Amino acid sequence: MDLSSLSLAELRRLQTKVETEIRRRSDTAKKDLLKRMQKLAAEHGMSLNEVIGQEGEKAPAAAPAAKKAAVAKPAKKAKPASVIKFRHPENPAIGWTGHGRKPQWVIDWLAQGKELDELRAEAPTVTAA
């Protein structure tokens, strides 16, 4: 496949399709592997949770209070509220602050050759972090 002959919009559409296919195949592989592992555990008379140690185990004994006080962590600072800068084109209840990884709906929008500014929220909404 000669990618150099594709336009930017076509490359973005291709990228979206590739990412979707990778997620689909990864999910399928995980489900298949989980089924095989559960079957193997059942053949040995156990559940998968028993094999990986999540079932029937006691929680570790609590540390003495004196040790806990000596290793006390400093209080975390509260995160500032996030401001929604972009809204989903069909569902305004869904927003994105513009920070961190782009949501799939933004990636899809850009892959269609549309501008990010078209999704800009008119009145920013503050959400709890």
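This report describes the salt bridges of a predicted model.

## Overview

In this predicted model, the count of salt bridges comes to 3. One of them joins E21 to R24, another joins E21 to R25, and R120 pairs with D117.

## The pairs of E21 in helix 1

The side chains of E21 and R24 meet in a salt bridge with an N to O distance of 2.4 Å, and these two residues, which lie 3 residues apart, both belong to helix 1, spanning residues 8–43. Their spacing corresponds to about one turn of the helix. E21 also forms a salt bridge with R25, where the closest N and O atoms are 2.7 Å apart; here the residues are 4 apart in helix 1, so that about one helical turn separates E21 from R25.

As for accessibility, E21 is partly exposed, with a relative accessible area of 27%, and R24 is likewise partly exposed, at 45%. R25, with a relative accessible area of 55%, is exposed, because the class of exposed residues begins over 50%.

## The pair of R120 and D117

A salt bridge also links the side chains of R120 and D117, with 3.0 Å from N to O. R120 is partly exposed, having a relative accessible area of 42%, whereas D117 counts as exposed at 53% relative accessibility.

## Network

Through salt bridges that share partners, E21, R24 and R25 are joined into one network.

Notes: Residues are numbered from 1 along each chain as its sequence is written. This is a predicted model: local features need pLDDT of at least 70, side-chain atom pairs count only at pLDDT 80 or more; totals for chains, interfaces and linings use all residues. Side-chain values use heavy atoms; hydrogens and water are left out. A salt bridge is a side-chain nitrogen of Lys or Arg within 4 Å of a carboxyl oxygen of Asp or Glu. Buried means under 20% relative accessible area, exposed over 50%, partly exposed in between (1.4 Å probe, protein chains only).
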